[in-house]
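Hello,

Here is the structure for you to look over.

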Amino acid sequence: MDVSEEMVRQAESLVHHEGVSFQVGNGEDLRPLRDATADFVLTFTVFQHMPDLGLIEGYVSEAARILKPGGVLAAQWNKPPAPVEVESARRIVAAGPPRSLARKAGPEDRSRVPGRRVPVARIRGMCERSGLEGVAVRGEGTLFAWVWSRKPAPATQSDV
Ligand SMILES: C[S@@+](CC[C@H](N)C(=O)[O-])C[C@H]1O[C@@H](n2cnc3c(N)ncnc32)[C@H](O)[C@@H]1O
């Protein structure tokens, strides 16, 4: 799902696999996907474009709603940069854009991209408040941080 009709149109023109479909969403939740119907929910390079924490938490809670018990959410987001990342970002900006991009966009254009970085503890809290468990964070210290969590499954005979 994507809020952009153009992104969905391009995805439909590029990907032709049985059982794969794309939908335009309303930008706030995962309607019309039904409760407890998904085995796996994945989001990649989307949360960092959302300026509002409430919107991100809304999507985490929606992921929990549509997951089947035992289903898994894998969400990529941007956490605040570690000092080493800040330093390397400074160097990249100071060096200026690569020659191939210089004519299209200068470094000043980066500041116009809306979005935000979210501390690990806030993302954990969102998962936990949505009833997800087993929260694990991967990729800390890289550009792409991931949080994995699971919707609790009912206890089976072997658990007791
Ligand atoms: C960098 S693209 C990533 C697209 C895709 N996930 C991928 O990996 O190719 C970010 C996408 O987030 C979408 N997006 C931004 N805000 C959104 C929102 N509130 N709800 C749903 N999608 C949103 C944009 O339309 C854009 O297609």
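Predicted model: local features only at pLDDT ≥ 70, side-chain atom pairs only at ≥ 80, totals over all residues.

Residues are numbered from 1 along each chain as its sequence is written, and side-chain values use heavy atoms, with hydrogens and water left out.

**Ligand site**

Asp2, Val3, Ser4, Met7, Gly27, Phe44, Thr45, Val46, His49, Met50, Leu55 and Tyr59 surround the ligand (a heavy atom within 4 Å of it). By class, that shell has seven nonpolar, four polar and one charged residues (nonpolar: Ala, Val, Leu, Ile, Met, Phe, Trp, Tyr, Cys and Pro; charged: Asp, Glu, Lys and Arg; polar: the others, Gly among them).

For Tyr59, a side-chain N or O atom is 2.7 Å from a ligand nitrogen. For Phe44, a backbone N or O atom lies 2.9 Å from one. For Gly27, again backbone, the value is 3.0 Å. Taken alone, the ligand exposes 590 Å², and the protein buries 65% of that (Shrake-Rupley method, 1.4 Å probe).

**Helix pair**

The axes of helix 2 (residues 53–66) and helix 5 (residues 120–129) come within 9 Å and cross at roughly 40 degrees (axes are lines fitted to C-alpha atoms over the stretch in contact; angles run from 0 to 180 degrees between N-to-C directions).

**Loop**

A cis peptide bond joins Arg31 and Pro32, with omega about 10 degrees. Pro32 lies in the loop between helix 1 (5–14) and strand 1 (38–43) (DSSP runs: helices H or I, at least four residues; strands E, at least two). Ala36 is found in that loop too. Its phi is near 50 degrees, a positive value in a non-glycine residue.

Best regards

Notes: Polar contact = N/O pair within 3.5 Å; in protein donor to acceptor, adjacent residues only side chain to side chain.
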